[in-house]
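Colleague: Could you take a close look at one part of this model for me? Please go step by step, and start with what counts as a touch.

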Amino acid sequence: MKLSRKLQKLLSTDFFASAFEHLSRGTHPVNKQRIWETLDRAQFEKLREQYPYRPGSPRINRFEDVVYWIEINIERAQDLWLDRAPPMRIVDLGCGAGYFLYVCKYFGHDVLGFDTDNEALFRATTALLDVARVIGRIERQTPLPDLGAKFDLVTAHRICFHRIGRVRDGVEWSPADWEFFINDIRTRFLNENGRLLLDFNPRPDGSSFFTPRLREFFLSQGARIFRSKALLGVHPNQRPRFK
Ligand SMILES: C[S@@+](CC[C@H](N)C(=O)[O-])C[C@H]1O[C@@H](n2cnc3c(N)ncnc32)[C@H](O)[C@@H]1O
């Protein structure tokens, strides 16, 4: 990377935002060791034999790597102050292996996952973590199935459900599709002071998910955008807080 580009990155808003997140986690440390100790590591190691990953597969796809995944998800929980908030009812859309919900449960919250059942490994990890899931698929312009309750927090991390067709085609939901989804969550799944947290992967070229058009759209919905995340309240005229 060229020096000027490096410097640019260093001085970018994202850099300061990331430093801020680090700092606020540092002021409220969480004992990771204690959480790791609640897990039967040997059972997770066995998953590697049952579900071997491809050689050279990045750490982010090694879901039996408890240490790595618990650490990531403690940070996610800390960034929403879930380590120091009163018990909440939380649903995680596209919950994957279930680590985020496991950490939330550790902090005293009542949790539920929602995901497709396409991945046998996730079936195994959510069972090991004792994280309940509803199986279903998020479809564009289609209401989510009834989840039997309203929630204080609806989350979705490293979102994929907005992709239409193959990843390489790069076709995704339009603002109108997002509007339908957000309205469905707001009206059917959020409690009075509930929040919806959407956390996006960067685009394949490393740029933000929030193109100018999407940023404008999410802001028009009242979202607080912070790095890769959009946080929305029940009403578009409400700007929710992370804490
Ligand atoms: C990249 S993984 C992220 C998993 C987890 N949220 C995390 O951050 O580790 C995307 C997840 O979304 C789920 N998913 C993808 N498309 C979906 C859809 N249309 N409806 C529900 N879940 C979906 C996948 O099964 C997978 O668990």
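Modeller: Two residues are in contact when their C-beta atoms, placed from the backbone, lie within 7 Å. Keep in mind that this is a predicted model.

Start with Arg224. Arg224 sits in strand E8, which spans residues 224-226. Setting aside residues up to four places away in sequence, Arg224 touches Leu231, Arg239 and Pro240.

Now step away from the strand. Leu101 is 123 residues from Arg224 along the chain, and their C-alpha atoms are 23 Å apart. Residue numbers 99-106 make up helix H6, which packs with helix H5, residues 66-79.

Two packed helices are described by the angle and the distance between their axes. For H5 and H6, the angle is about 60 degrees and the axes are 9 Å apart. H5 is therefore oblique to H6. Their crossing is right-handed.

Which residues make the contact? H5 gives Trp69, Ile70, Asn73, Ile74, Arg76 and Ala77. H6 gives Tyr99, Phe100, Val103 and Cys104. By class, the residues of this contact are eight nonpolar, one polar and one charged.

Conventions:
Residues are numbered from 1 along each chain as its sequence is written. This is a predicted model: local features need pLDDT of at least 70, side-chain atom pairs count only at pLDDT 80 or more; totals for chains, interfaces and linings use all residues. Axes are lines fitted to C-alpha atoms, for helices over the stretch in contact, and angles run from 0 to 180 degrees between N-to-C directions. Helices (H or I, at least four residues) and strands (E, at least two) are DSSP runs, numbered from the N terminus. Angles under 35 degrees count as roughly parallel, over 145 as roughly antiparallel, 65 to 115 as roughly perpendicular and the rest as oblique. A crossing is left-handed if the near helix is turned anticlockwise from the far one by less than a right angle, and right-handed if clockwise. Ala, Val, Leu, Ile, Met, Phe, Trp, Tyr, Cys and Pro count as nonpolar, Asp, Glu, Lys and Arg as charged, and the others, Gly among them, as polar.
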